[in-house]
Amino acid sequence: MEEWVNNWLAKQRELGEKGLEIKKFSNGHYVYRSTTYWDKELKKRRKKSVYIGKLDINKGLIESQKTVISSKRVRSIWEYGNAALLNYAIQDLKPLLQTAFGEIWEEVYALALIRIAGYVPLKRANLAWEKLYPIEEITPSMNPKNLSKVLKEVGINRKGQNHVFSGLNSEDKQLVYDLSAIFTVQKLSISLKRGTTKNISTFHK
């Protein structure tokens, strides 16, 4: 790096700016702010750089006016009623999961929440979770491969399972889940050729 670039960077650090990084492409110098975050899926720290602007020898930093498009999909429609009701119904489960399964309790909790309403395959679990209003401030990793590992860990953790079941069994509350099905029969008369009719029974569940 040229001396003037190093001098500018040193001055910014004296002013308390942290995480600044300068990259040179062709004859231009570009300023980035770098941070690190914990990747739950890879289980390691990763680096993330955000472009700030171009560095000029006379003008200094020329901040970027480019519109930044977030990689995250904008969520405009939420299922608040379902989220609030289900979250309230299984509140007692949360502390049990935290003790029983440690770091993966959020994934277990989220999976239980979305599967109460019906069967959801792992490949669609993330989509189902994103529809729910974020009642709880949790960020589970709903990647199908990660959820497969979570279910495997839960399946072999007998001690954790017993802790959850014992905790639920000791509560005074009862949860009633109606699995009954109601069938109705309807007869339809369909006109056929030559003036004949045929009765057809349809079943509805």
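**Figure 1. Ile 116 in the predicted model.** Ile 116 is partly exposed, with a relative accessible area of 25%. The model shown here and in the other views is predicted. Ile 116 belongs to helix α4, which covers residues 105-116. Why is Ile 116 partly exposed and not buried? A residue counts as buried under 20% relative accessible area and as exposed over 50%, so Ile 116, at 25%, is partly exposed. Leu 86 can be shown in this view too: Ile 116 and Leu 86 lie 30 residues apart in sequence, and their C-alpha atoms are 7.9 Å apart in space.

**Figure 2. The largest nonpolar core.** This core has 28 residues. Which of them touch the most other members? They are Leu 97, Phe 101, Ile 114, Trp 129, Met 142 and Val 164. Two or more residues of this core come from each of α2 (80-89), α3 (93-101), α4, α5 and α6. Helix α4 gives the most, with 7 residues. In soluble globular proteins, nonpolar side chains tend to be buried together.

**Figure 3. The surroundings of Phe 101.** Neighbours within four places in sequence are left aside in this view. Phe 101 is then in contact with Val 108, Val 154, Asn 157, Gly 160, Gln 161 and Val 164. Phe 101 and Val 164 are both among the residues that touch the most other members of the largest nonpolar core.

Figure 4. Where the protein chain has its largest nonpolar core of 28 residues, a second, separate core has 8 residues. Among its members are Val 5, Trp 8, Ile 22 and Leu 55.

Figure 5. Trp 78, Tyr 80 and Tyr 133 make a nonpolar surface patch of about 320 Å². Tyr 133 sits in the loop between α5 (125-131) and α6 (144-156). Is Tyr 133 partly exposed or buried? Its relative accessible area is 37%, so Tyr 133 is partly exposed.

**Figure 6. The protein chain as a whole, for orientation.** The protein chain contains 7 helices and 6 strands. Along the sequence, these follow the pattern α-β-β-β-β-α-α-α-α-α-α-β-β. The chain has 205 residues, of which 27% count as buried. Among contacts with a separation of 6 or more, 42% are between residues 24 or more positions apart.

Methods:
Residues are numbered from 1 along each chain as its sequence is written. This is a predicted model: local features need pLDDT of at least 70, side-chain atom pairs count only at pLDDT 80 or more; totals for chains, interfaces and linings use all residues. Side-chain values use heavy atoms; hydrogens and water are left out. Patches are made of residues with over 30% relative accessible area and no salt bridge: like charges are joined within 9 Å, nonpolar side chains (Val, Leu, Ile, Met, Phe, Trp, Tyr) within 5 Å. Accessible areas come from the Shrake-Rupley method with a 1.4 Å probe; for residues, only the protein chains shown count as cover. A salt bridge is a side-chain nitrogen of Lys or Arg within 4 Å of a carboxyl oxygen of Asp or Glu. Helices (H or I, at least four residues) and strands (E, at least two) are DSSP runs, numbered from the N terminus. Buried means under 20% relative accessible area, exposed over 50%, partly exposed in between (1.4 Å probe, protein chains only). A nonpolar core is a set of buried Ala, Val, Leu, Ile, Met, Phe, Trp, Tyr and Cys residues joined through side-chain atoms within 4.5 Å. Contact means heavy atoms within 4.5 Å.
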